[in-house]
Amino acid sequence: MTNMEQDRWSRVKGRLRTSVGEDVYTSWFARMDLEGVQDESVHLSVPTRFLKSWIQAHYADRVLTCWQAEMPEVHRIDLTVRTAMRCAAPAKEVTAPADQRRTEQANGRPAPELRATATAPVSASHDALGGSPLDPRLTFASFVIGRSNTLAHAAARQVAEGRRGDPVMFNPLYIHAGVGLGKTHLLQAVTWAGNSGSERKVLYLTAEKFMYGFVAALKTQTALAFKEALRGIDVLVIDDLQFLQGKSTQAEFCHTLNALIDAGRQVVIAADRPPSDLESLDDRVRSRLAGGLVVEMGSLGEELRLGILKSRVAAARAHHASFDVPEAVLDYLARTITHNGRDLEGAINRLLAHSKLNNQPVTLEMAEREVRDLIRPQEPKRIKIEDIQRVVARQYNVSRSDLLSSRRTANVVRPRQVAMYLAKTLTLRSLPEIGRRFGGRDHTTVLHAVRKIEALVARDTALSEEVESLKRQLQE
């Protein structure tokens, strides 16, 4: 492609961006490339078959018009899929609008046509539908297994190794964990493994990307096509579901979830909390999510942290053969950096940079100096009211919804009062705020519960031990 063609392509993209708007341009045209200009034809390519079909169906005339503003002699655009093999089927032709043809004919020029070359079917990879980007490092091969993530890894592996038409064992698969504990790694590993063959269509989306795509489709009045495309996915992978907002978006997610599950398609979801704690979601969505396999990934034990560190050192050594971290340094890092896997990876990156830039070997003294800000003080854990409600509900064998309800039976009232007491003593929330978080109760109700439990704890040894046990569970 010449510099002149590149300049024209930049101006065409500018016209297209102005014509359709920033959101639509980013969703559907950001990955369109110019392959070349020949005679009266412009050759463009996109990475997926879905994008080609969508642009051909909805924006063919717009693309042609933008090119003709720069090059009036252009009468045809060839749109192909970059990764697809051309087949022998005849090209499908889409002619320009009738009024444009009449204008061209009146000027003595032949009517232009937009032709999208037919291509063989291709696997719908992660960037179909504007899928979220994938990190090539996040595969099953690089995932370190430990006691806290064994079940989540096995379930994700089972999903990834499935084949089209196989019965779905658990649907949806719902993985929840705190920040930096590996849930995104597992979800992307499922996507990479699923897209390694051409049999199934696997799509990875963050909740934010799902919202963005749906809103963009609504704005451009293409929501029906967006829904149909989603329902054609074999494995839908949604990350960070806790960020899903908006009634219409949540309703569409619920419909999509139901349609895929009812059709025997696999859904995999990750969030930072269990379905019952996703208060922003509709009850129907939470119920459907809880009906699958819900797996929690716990905190990283010292043995697992050491395994992650060794894995990261091995990955770094593949590009820097002389990089070496003594066993004593790895033990120190595993023992002192306890919060999440990202801190561990950051520690290795710092040691690598310091070693290479200063041409010095990694020592324990260097490690202590370079990663001291990653060694966070063992400050008291910040406890959420949702955590208190979940732990109390489990302890007393009631549901969290019971604690928030208006039920006054003895088996619910006492746990509710204990939960309110713990919320007042373990958090900085005010009485009115605690009342709102317990089903919209008045602050005087909370105050009564707190005083009631305080009095009982003072004279009831069994209850006192129960409350202390709950505090330990919440503070671990």
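Two strands pair, in the sense used throughout this presentation, if DSSP finds at least two bridges between them. The strands themselves (E, at least two residues) and the helices (H or I, at least four residues) are DSSP runs, numbered from the N terminus.

Good morning, colleagues. The structure above is a predicted model, in which local features need pLDDT of at least 70 and side-chain atom pairs count only at pLDDT 80 or more, while totals for chains, interfaces and linings use all residues. Residues are numbered from 1 along each chain as its sequence is written, and side-chain values use heavy atoms, with hydrogens and water left out.

Let me begin with the chain as a whole. The protein chain has 476 residues, of which 47% are buried; buried means under 20% relative accessible area, exposed means over 50%, and partly exposed lies in between, with a 1.4 Å probe and protein chains only. In secondary structure, the chain contains 21 helices and 10 strands. The accessible surface amounts to about 23,700 Å², and carbon and sulfur atoms hold 49% of that area. Such areas come from the Shrake-Rupley method with a 1.4 Å probe, and for residues only the protein chains shown count as cover. Of the contacts in the chain with a separation of 6 or more, 74% join residues 24 or more positions apart; a contact means heavy atoms within 4.5 Å.

I turn now to the sheet. In general, strands of a sheet pair through backbone hydrogen bonds, either parallel or antiparallel. Here five strands form an open sheet in the order β7-β8-β9-β6-β10, and the pairing is parallel. Which strands lie at the edges? They are β7, residues 202–206, and β10, residues 293–296, each of which pairs on one side only. From one strand to the next, the twist averages 15°.

On its other pairing, β8 joins β9 in the parallel sense over four bridges, with valine 235 opposite glutamine 266 in β9. Is β8 buried or exposed? Five of its five residues are buried, so β8 is largely enclosed by the rest of the structure. Val235, Val237 and Asp239 point one way, whereas Leu236 and Ile238 point the other way.

Next comes a pair of helices. Two packed helices are described by the angle between their axes and the distance between the axes. Helix α8, residues 207–219, and helix α10, residues 247–262, have axes that come within 10 Å and cross at roughly 105°. That makes α8 roughly perpendicular to α10, because angles of 65 to 115 degrees count as roughly perpendicular, under 35 as roughly parallel, over 145 as roughly antiparallel and the rest as oblique. In this contact, Phe210, Met211 and Phe214 of α8 meet Ser248, Thr249, Glu252 and Phe253 of α10.

Glutamate 252 of helix α10 is buried, with a relative accessible area of 3%. Leaving aside residues up to four places away in sequence, glutamate 252 touches Phe210, Phe214, Lys227 and Arg231.

Finally, I mention lysine 52 in helix α3, residues 49–58. Lysine 52 is buried, with a relative accessible area of 7%. Between lysine 52 and tryptophan 28 there are 24 residues of sequence separation and 9.3 Å in space, from C-alpha to C-alpha.

Technical notes. Axes fitted to C-alpha atoms, helices over the stretch in contact; angles between N-to-C directions.
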